[in-house]
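Please consider the sequence and the structure shown below. The paragraphs that follow proceed from one chain to the other.

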Amino acid sequence: MSGETPTDGERDRPRSDPVGPGRGLRRTAELAGIGLTGVVAAVMLSFLLLYWAQDLPVASELYAAFRSIGRAMDAAFGTNVFRHPIMWQSMAVGVLVGVVAPLVGSFLVHREMALIGETLAHTAFAGVAVGILVTSATGWSGSLLLVALAVGILGALGVQWLTERTDAYGDVPIAIMLSGSFAVGTLIISYGDGLTGVNIQGYLFGNLAVVTPDGARLMGALSIVVVAAVALTYKQLLFITFDEQAARVAQLNVTGYNTLLVVLTAVVVVGAMQVLGVILVAAMLVVPVAAASQVARSFRETMYLGVIFGQLSVIGGFAVSIGLGLPSGGSIVVTAIAVYLATILGSGSSVKAISTHG
Amino acid sequence: MTAIVDLDGVTFSYGDTVAVSDVSLTVEEGEFLGLVGPNGSGKTTLLHLMLGLHDPDEGSVELFGRPVEEFDDGGRIGYVSQKATSRGGAMPVTVRECVTMGRFAHAGRGRLSETDRAAVADAIETVGIGDLADRLVSELSGGQKQRAYIARALASDADLLALDEPTVGVDAESRDAFYALLDELNGDGITVILIEHDIGVVTDRANRIACINTELYHHGDTESFVESDALGEAYGATGQVVHHHH
């Protein structure tokens with residue numbers, strides 16, 4: 001960390017943040033963005049619900065209405081995607097990832113734990129590998145992500161255990177865990193080669209076609225859990241992230257909240273892996289938050305902007321992915337980085353020193 | 001007089017390195033204790049032991065009359081760590097958000113009340129940074145940052161302020177103003193424990209001094225510390241060690 005601290009002599013320098021009407025406008029725009037994101041997320045959650053309940057009387061009519069909206073969108077954009085329910089499943093996962101990843105990432109990045117997100121993604125890959133074995137044994141396709149989730153959470157607890165026992169967030173054990181779990185994943189996949197028709201490349205690089213109805217529903221449920229958990233523990237997570245020692249002295253259960261944070265990270269990673277891929281999933285935890293931190297004037301604003309930038313990245317990335325027929329993961333991450341670069345140019349200040357690791 | 005902190009025969013090691021050895025001392029209510037000693041003498045470790053951030057290998061620690069491991073009233077302590085004030089992190093947190101953290105121990109899991117918000121606004125005014133409430137802590141000068149952290153402690157209604165070298169990197173004028181504020185708070189009855197490398201500053205401000213270099217070399221009022229040669233002994237790491245048990 002090497003951020004510049006102004007000296008006392010600079011205390012009277014002019015404020016660079018907008019005041020008066022400019023600040024009010026900015027706040028209105030942010031709230032509008034968050035509101036819009038909330039509406040889009042709610043629509044996506046309702047789609048998942050309707051798709052699930054489409055055989056029930058009322059739901060079937062609503063679901064049919066949804067399909068006709070999709071066809072109308074295809075007609076309007078000249079595409080052939082929105083009429084397919086699988087497309088909506090993927091978009092739902094993407095939109096929800098755009099909300100929950102920056103939400104958890106806001107704490108993770110400023111906790112200097114970005115590498116942990118990366119590690120948990122690779123642990124979850126080992127989970128997918130185990131899931132493939134379980135799927136081939138049980139024949140139930142829904143188990144794949146559930147197994148990945150279980151392995152991801154175990155990995156998160158393992159990472160937490162390691163960091164509690166190494167100096168600060170010592171990165172060597174974490175790096176070993178990162179590559180180790182990936183190595184185990186590749187071994188299991190090779191061993192089980194040909195057992196199932198699961199598209200491994202899709203899980204590596206992200207692919208809209210990887211998303212299954214079960215996977216999308218899981219993401220819907222996990223998103224509700226993550227948003228609720230962050231809303232309920234916002235104060236504690238903020239205190240611990242900003243000043244861990246003072247939080248300890250204030251008798252907060254720091255170990256407990258740290259564990260919650262890594263478990264939430266694992267949950268987000270497993271859900272997001274479907275569209276982003278194991279290799280790119282950590283970017284969604286980090287890049288929108290880095291962009292938000294570049295311009296935010298408070299931590300609350302960092303979270304709002306992080307979610308808005310995350311959403312822009314997902315929607316922009318989907319447009320690129322659908323328009324050019326490219327993988328969704330790379331498209332979303334490249335869009336997110338474009339947003340990040342725009343915030344650097346827009347803020348007119350130097351790149352803020354956010355470390356991925358302490 | 002009530003004991004705020006009570007250490008009895010406390011020893012703590014990092015691996016094979018003994019950082020604090022057999023230290024016994026009591027901090028009474030209303031004291032302004034200066035904790036001095038050479039670099040690496042275990043001052044910060046001793047403060048951490050007092051606050052329950054480390055568990056002693058031997059001996060016992062009491063906070064507000066309770067064994068430190070059972071102490072759960074976090075709002076009574078305002079702690080400003082060395083790391084908190086020296087780091088120039090990029091985390092965008094406003095002064096108001098920082099000071100509001102002082103209320104978290106009171107609010108628990110619930111939402112912040114109007115009382116909480118009023119306490120935050122009061123604390124920010126008391127330390128004289130009302131015009132900076134919406135600025136980012138990372139953009140403040142060293143002296144202003146100190147005040148923000150003290151405001152956080154005040155917002156929590158702390159009875160004890162524990163400060164670890166709070167004026168490193170702060171210019172002389174702001175440092176004097178900061179210590180005048182500490183004097184004022186101490187005058188209002190808040191107990192202060194201060195780690196400070198500048199012996200002159202400590203002997204001007206504190207009414208009690210504890211001088212350590214792994215072991216306790218002196219503990220008593222400031223006059224007796226100035227008259228004694230505890231400082232020379234501690235810094236030279238020779239001479240006698242004070243043992244006072246109670």
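In chain A of this predicted model, 75% of the contacts with a separation of 6 or more are accounted for by residues 24 or more positions apart. The chain comprises 358 residues, of which 47% count as buried. Its secondary structure amounts to 13 helices and zero strands, so that the pattern read along the sequence is α-α-α-α-α-α-α-α-α-α-α-α-α.

One pair of these helices may be examined in detail. Two packed helices are described by the angle between their axes and the distance between the axes. Helix H8 (residues 213–242) and helix H10 (residues 254–276) of chain A pack at an angle of about 150°, and their axes lie 9 Å apart. Because angles over 145 degrees count as roughly antiparallel, H8(A) and H10(A) are described as roughly antiparallel to each other. Their crossing is left-handed. On the side of H8(A), the residues that meet H10(A) include A:Leu218, A:Leu222, A:Val225, A:Ala229 and A:Ile240. H10(A) contributes, among others, A:Val254, A:Tyr257, A:Leu261, A:Leu264 and A:Gly271. The residues of this contact divide into 15 nonpolar, six polar and no charged.

Strands of a sheet pair through backbone hydrogen bonds, either parallel or antiparallel. In chain B, six strands form an open sheet with mixed pairing, in the order E6-E7-E8-E3-E9-E10. Strand E6 (77–80) and strand E10 (215–221) of chain B each have a single partner strand and stand at the edges, so one side of each is left without a neighbour in the sheet. On average, neighbouring strands of this sheet are turned by 10° against each other, direction ignored. Within the sheet, strand E7 (residues 160–164) and strand E8 (residues 191–195) of chain B pair in the parallel sense over five bridges, and B:Leu160 stands opposite B:Thr191 in E8(B). Helix H6 (residues 142–155) of chain B packs on the sheet, where it touches E6 and E7 of chain B. The direction of H6 makes about 165° with that of E6(B).

B:Ser41 is found between strand E3 (32–36) and helix H1 (43–51) of chain B. Is B:Ser41 buried or exposed? A residue is buried if 20 or more other C-beta atoms lie within 10 Å of its own; B:Ser41 has 22 and is therefore buried. Not counting residues up to four places away in sequence, B:Ser41 touches B:Ile212, B:Asn213 and B:Thr214. The C-alpha atoms of B:Ser41 and B:Val20 are separated by 8.0 Å, although these residues are 21 residues apart along the chain.

Note on methods
Residues numbered from 1 in each chain as written. Chains lettered and ligands numbered in written order. Predicted model: local features only at pLDDT ≥ 70, side-chain atom pairs only at ≥ 80, totals over all residues. Axes fitted to C-alpha atoms, helices over the stretch in contact; angles between N-to-C directions. Helix = DSSP H or I, 4+ residues; strand = E, 2+ residues; numbered from the N terminus. Parallel < 35°, antiparallel > 145°, perpendicular 65-115°, else oblique. Left-handed = near helix turned anticlockwise from the far one by under 90°. Contact = placed C-beta atoms within 7 Å. Nonpolar A, V, L, I, M, F, W, Y, C, P; charged D, E, K, R; others polar. Pairing = 2+ DSSP bridges. Buried ≥ 20, exposed ≤ 12 C-beta atoms within 10 Å, placed from the backbone.
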